[in-house]
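This report concerns a single protein model. Please view the sequence and the structure together while reading.

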Amino acid sequence: MSFIITILAALLVFSVVIAIHEFGHFTVAKLCGIQVNEFSIGMGPALWKKIYKGTQYSLRALPVGGYVALEGEESPESQQAENLRDTPEPPLTGEVAARQPERFGKPLNEAAVWQRMLVMAAGAFMNFVLGFVVLVILIAAQNEPITSKTIYAIQDGALCGQTGLQAGDKVLAVNGRRCFVANDILYELVRTQSYSADFTVLRNGQKVHLPGVQFDTWQDEKGETHMSIGFSVYGLEKTPGNVLREAGNSVLYYGRIVFTSLVDLVLSLIHISEPTRRSYISY
């Protein structure tokens with residue numbers, strides 16, 4: 001039973017993501033005066049459909065996607081929607097045959113290049129908007145305070161304190177890469193090769209570069225080497241401003257992780273045979 005619920009939940013989430021993505025294409029196409037023949041949630045046979053201002057809005061049986069059919073677009077869905085005017089689909093049970101969509105806008109291939117670019121980019125933009133909204137909800141709902149990038153205290157005798165870091169430092173970058181959120185610090189340190197890193201911090205209102213900050217290491221019973229961060233950071237109150245700022249920075253953080261991970265795979269920088277290095281921040 002739980003497996004079925006998981007599958008249904010996954011399909012629901014997938015459908016919502018696709019619908020929001022396609023809504024981005026739809027909205028920008030409408031704003032640019034491009035004819036939208038159909039906006040469909042789901043695939044397969046239509047369960048419900050309505051024509052309004054030249055566009056057919058459809059809810060279809062299979063919750064495995066969706067599409068926006070634009071006039072002049074070379075895709076099966078668009079070609080099918082354009083052919084509706086000549087070979088209309090039979091009406092749903094109990095319905096009277098509806099008149100087919102009239103053309104209210106221009107075809108996509110007749111729109112300006114910048115308009116076509118905006119239409120194509122709008123779907124990806126809406127995915128970022130969705131990610132931002134989800135992160136706002138998750139951050140606001142968590143019980144813990146928001147983790148800042150400002151060092152609260154250095155552990156007694158910690159190597160990082162002996163090689164440059166101080167309490168009160170706000171971490172701006174590690175190894176030249178800007179830190180958007182606290183997890184950026186961990187991510188960059190895990191990618192280091194020698195348990196040391198170059199830091200850029202804000203100290204007493206001044207930007208300070210700290211080359212070669214070193215970190216303590218220890219070995220477990222399996223002989224694997226682990227890295228200890230050696231400092232704790234401040235927590236931030238969950239005010240609306242802090243939540244929105246953290247959500248925005250988290251979108252940048254996750255976006256860069258995806259890009260960096262792909263680059264690491266291509267460049268073969270991730271070696272499975274290397275000893276595992278683990279890091280932690282104590283709060």
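The model is predicted: local features need pLDDT of at least 70, side-chain atom pairs count only at pLDDT 80 or more, and totals for chains, interfaces and linings use all residues. Residues are numbered from 1 along each chain as its sequence is written, and side-chain values use heavy atoms, with hydrogens and water left out.

K106 is placed in the loop between α2 (76-83) and α3 (113-141); helices (H or I, at least four residues) and strands (E, at least two) are DSSP runs, numbered from the N terminus. P63, in turn, belongs to strand β2 (residues 55-70). The table sets out the two residues; buried means under 20% relative accessible area, exposed over 50%, and partly exposed in between (1.4 Å probe, protein chains only).

| Residue | Relative accessible area | C-alpha separation |
|---|---|---|
| K106 | 28%, partly exposed | 5.3 Å to Q35, 71 residues apart |
| P63 | 36%, partly exposed | 9.8 Å to I18, 45 residues apart |

With neighbours within four places in sequence set aside, K106 is in contact (heavy atoms within 4.5 Å) with C32, G33, I34, Q35, A111 and Q115. The side chain of K106 forms a polar contact of 3.0 Å with the side chain of Q115. Such a contact is a pair of N or O atoms within 3.5 Å; within protein, one must be able to donate a hydrogen and the other to accept it, and residues adjacent in sequence count only if both atoms are side-chain atoms. A polar atom of the K106 side chain also lies 3.5 Å from the backbone oxygen of C32.

**Nonpolar cores**

A nonpolar core is a set of buried Ala, Val, Leu, Ile, Met, Phe, Trp, Tyr and Cys residues joined through side-chain atoms within 4.5 Å. The largest one has 21 residues, of which L165, V174, I185, L189, F199, F215 and F231 touch the most other members. At least two residues of this core come from each of β4 (170-174), α5, β6 (196-203), β7 (206-214) and β10. A second, separate core of 13 residues includes V28, C32, L70 and A111. Beyond four places in sequence, V174 is in contact with C179, I185, E188, L189, A197, D198 and F199.
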